[in-house]
Amino acid sequence: SYTWWSSTRTSYLCIMEGYSSPDSEDDLPTFQWAQHTAGASHSTTASTSREAVARDDGDDICIISSPAKGRMAAKLDATTRSSVQPSAGLSSRGGASFGRETEGRLADRELRIERKRIQAKEKRRAAMARNADRERVRADKQLQREMDRAVKEAAKEASKERRPAERVKQMVVLLDTALSENDDFMSHLVSELQSLEVTYRVRGDMHPGSVSWKRIVTDRTVDESAQIHLSATERDEGEVLVTLEGQGLVGLVHHTKQAQRGIPLPSGAQTLQQFVEGLQQEHPGKRVSLAVEGLDAVFRGAKTRLNRQFRQAVASTDTHSAPPTAPASTPIPAFSSVTKVDCEEALVGLQLTSGCPVRQCADGKQLAEHVITLTRAIAEAPFKRECPFSFHSDVGPGASKKALMEVDDKVGLVWKHQLMQFKNISEHQAAAIAAVYTSPAQLLQAFESSSDPALLLQDIVVRRGVGTTSSVRRVGPVQSKRIYTFLCSHDPTEII
């Protein structure tokens, strides 16, 4: 038979003797109890009697003793709890002792299970943290790879824009509205610009007849999400071309000659030098150049006009009278005292005093070709400045490193190319001089120690060709003196 007891505590855990201990309440077997009609006692269908009952927060656990099974624990359901009562045959002393012993064991078991639960929770939290860290590191590495790829792509696109065929496409040509009225000029210019894929704009806020240039600069930035953002800005290139008709240049030269003779100029008139200085003040910090259109046509037209007028005067006079040598009644064209030589001298003086380049164009087509040439040159200018000057003219600019790597005597190669910069110094002469004096320092020392340094190099033998076609000559006194003057002269006005 089975005897029941009851006790109340903060939590419930049970110890099973003869069986493995359950980890939780859900592992305990549930016993369904039935009440016999023959007596007042409660028993199971196996005729088990009550021994002890432990209660915990409304959940009941029964401890059942059996000679065959030992002591085991079972969880009571709601129906069983309501029908089970403490046994009257259970002594208070024995029940209290058994309860205290069981309560101690249950408390230890409770602490162990709670400790395991806390450890399991901490393990799960640590595992989740490790997984989150791994995911974050993986995401950071992926983002870094994408950013590196985006940076390489941006650098690749930027390098494409530096190609010679792509540089001119970055230019924007700005034209004054006065130039748009020149049909010959505009027809040739627009067709050339379209073939080069160059943008042009016509503006009314520029100096009359002027042309300027801007460059489209594209900046590429990579954000935190590895996306490439493009931002295009227009940068002024600091170049201004002012077109001037031939008749206008003749007028400026005429006023220049009057100013040189001390004749007062009319109101609003200015000389050629004053005209260019005004342009430079109007465009500070920019390089101003002039393009004169149709100067030859002006003088051809003036000569044709004079000849026509003279023929008309001769035809109108009497055939028996003497022909007039100088028709006084013939009207004199404006600025007839200015000749083409005067204009050319004035332009040369202008370039020497003001540093303003001048280009003469016969018609609108040549003017358009000049604008195209300037557009190409301005587009190439920044990239040419990045290439240092090289004495290796045979391999072209920018290839000096390649040329030096192909030879063993790099200093001798540079020294030979330096000597070839002198006028009429051939490659064979430079090689002969470099073979005797292997560096500029040795040549300078030889000049200092020589009694006649100007003729030091004249007797160096120069051999050209091989076999029957070979020839032998000397450097000569002219080349020797030229090299000596360049390296040793202290007079800045001495002509080399």
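Visitor: Which residue forms a salt bridge with Glu380?

Guide: Residues are numbered from 1 along each chain as its sequence is written, and side-chain values use heavy atoms, with hydrogens and water left out. A salt bridge requires a side-chain nitrogen of Lys or Arg within 4 Å of a carboxyl oxygen of Asp or Glu. With the closest N and O atoms 2.5 Å apart, the partner of Glu380 is Arg167.

Visitor: How many residues apart are Glu380 and Arg167?

Guide: Helices (H or I, at least four residues) and strands (E, at least two) are DSSP runs, numbered from the N terminus. Glu380 belongs to helix H10 (residues 364-386), whereas Arg167 belongs to helix H3 (residues 164-167). The pair therefore links distant parts of the chain, and its separation in residues is 213.

Visitor: Is Arg167 buried or exposed?

Guide: A residue is buried under 20% relative accessible area, exposed over 50%, and partly exposed in between (1.4 Å probe, protein chains only). Glu380 has 19% relative accessibility and so counts as buried. Arg167 has a relative accessible area of 15%, so that Arg167 too is buried.

Visitor: In which helix do Arg136 and Asp133 both lie?

Guide: The side chains of these residues meet in a salt bridge at 2.3 Å, N to O. Arg136 is partly exposed at 46% relative accessible area, and Asp133 is partly exposed at 36%. The residues stand three residues apart, about one turn of the helix, and that helix, spanning residues 92-161, is H2.

Visitor: What relative accessibility does Asp205 have?

Guide: Asp205 meets Arg203 in a salt bridge of 2.9 Å, N to O. Arg203 counts as partly exposed because its relative accessibility is 29%. Asp205 counts as exposed, and its relative accessibility is 57%.

Visitor: How many salt bridges are found in the whole structure?

Guide: Some salt bridges share partners, and in this way Glu166, Lys169 and Glu197 are joined into one network. A search of the whole structure gives a total of 15.

Visitor: Which residue in E12 is the bridge partner of Glu293?

Guide: Two strands pair if DSSP finds at least two bridges between them. Strand E11 (residues 287-293) has six of its seven residues buried, and E11 pairs in the parallel sense with strand E10 (residues 228-245) over seven bridges; there Leu244 stands opposite Val292. E11 also pairs in the parallel sense with strand E12 (residues 358-361), over four bridges. Within E12, the partner of Glu293 is Cys361.

Visitor: In which strand does Glu239 lie?

Guide: Glu239 counts as buried because its relative accessibility is 18%. A contact means heavy atoms within 4.5 Å; not counting residues up to four places away in sequence, Glu239 touches Val211, Ser212, Trp213, Arg287 and Ile378. The strand that holds Glu239 is E10.

Visitor: What area does the nonpolar surface patch with Leu444 have?

Guide: Patches are made of residues with over 30% relative accessible area and no salt bridge, like charges being joined within 9 Å and nonpolar side chains (Val, Leu, Ile, Met, Phe, Trp, Tyr) within 5 Å. Leu444, located in helix H14 (residues 440-449), is partly exposed at 33% relative accessibility. Accessible areas come from the Shrake-Rupley method with a 1.4 Å probe, and for residues only the protein chains shown count as cover. Together with Phe486, Leu487 and Ile496, Leu444 makes a patch of about 350 Å².

Visitor: What distance separates the C-alpha atoms of Asp296 and Lys340?

Guide: Asp296 lies in helix H8 (residues 295-316) and is partly exposed, with a relative accessible area of 30%. Lys340 is 44 residues from Asp296 along the chain, and the distance between their C-alpha atoms is 7.9 Å.

Visitor: What is the mean pLDDT of the protein?

Guide: Over residues 326-333 pLDDT stays under 50, and the model has six contacts there beyond four places in sequence. Where pLDDT is low, the predicted coordinates should not be read in detail. In the protein, 69% of residues reach 70 or more, and the mean pLDDT is 75.

Methods. Predicted model: local features only at pLDDT ≥ 70, side-chain atom pairs only at ≥ 80, totals over all residues. pLDDT = per-residue confidence, 0-100.
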